[in-house]
Amino acid sequence: NEFEVIVNPLPLSNTTTDLTICDNDQDGDDANGIVQSFDLTTQTASILGTQLPNNFTVTYHETQEKAADGTSAGIESPYTNTSNPQPIYTRVTNNNTGCYISSTSFNLVVSELPEANVVSDILLCDSNSVGTDTDGFINNFDLEIQTATILGNQDPNDFEITYHLSSNDSNDLTKTGLTSPFQNTTKDTQTIYIRVLNKSTNCFRATTQFSI
């Protein structure tokens, strides 16, 4: 009598970059480093590489032990991190052979939002620079005099401050800011919305405003 001994290869588990997102206030605090919306499944494609996704299952685990024991079902996505940064361990299982590997991990990273300090309104006297000196419109509002106060102790080389006519525009990174000096488009009083952008993380805060 004879029989064959078959050794199935282990799946591949490619290293992947950390999963980084900006802090938010979904939990009522936009400065605590906790985010409820980590989509772990966005890492699956890079972990599998050229392996056919239908043939493999990738699960994510809070500890190396759970990733390696072969019985833990893994954590669900979207996921709320419990520390910052937080390591996440992966297991790749071949659906046909049951062989699995748990050799890689990556970090969940929450990038902090910039600070945006409150500033005073800008008050100027009417003039005939545009129209008449009683029509409530002038063209010499220097919005950028607010920049230093908004940034406070933050390095101005690391941040970009832009000024906008609406809250929607300040929260939309495709929208460019107003040029300064600025001519008001609403008579007498107009609200200006501020966006402070961290150039390295692309995280921004757009919660501050003032009036001209």
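**Figure 1. The hairpin of S3 and S4 in the predicted model.** Gly98 takes a positive phi near 80° in this hairpin, which has 5 residues between the strands. Strand S4 covers residues 100-101 and pairs with S3 in the antiparallel sense over 2 bridges. Within this pairing, Thr93 stands opposite Tyr100 in S4.

**Figure 2. Burial of strand S3.** Strand S3 comprises residues 86-94. Of its 9 residues, 8 are buried, that is, under 20% relative accessible area. The strand is therefore largely enclosed by the rest of the structure. In a regular strand, side chains alternate between the two faces of the sheet.

**Figure 3. Pairing of S3 with strand S2.** Strand S2, residues 56-61, runs antiparallel to S3, and 6 bridges join the two. Thr59 has Arg91 in S3 as its bridge partner.

**Figure 4. Pairing of S3 with strand S5.** Strand S5 spans residues 105-111 and is joined to S3 by 4 bridges. These strands also run antiparallel. Pro87 is found opposite Asn107 in S5.

**Figure 5. The hairpin of S7 and S8.** Strands S7 (residues 191-198) and S8 (residues 204-211) run antiparallel and are joined by 6 bridges. Ile192 stands opposite Phe210 in S8. The hairpin has 5 residues between its strands. In the turn, Asn202 has a positive phi of about 65°.

Methods
Residues numbered from 1 in each chain as written. Predicted model: local features only at pLDDT ≥ 70, side-chain atom pairs only at ≥ 80, totals over all residues. Heavy atoms only, no water. Buried < 20%, exposed > 50% of the residue type's maximum accessible area, 1.4 Å probe, protein only. Pairing = 2+ DSSP bridges.
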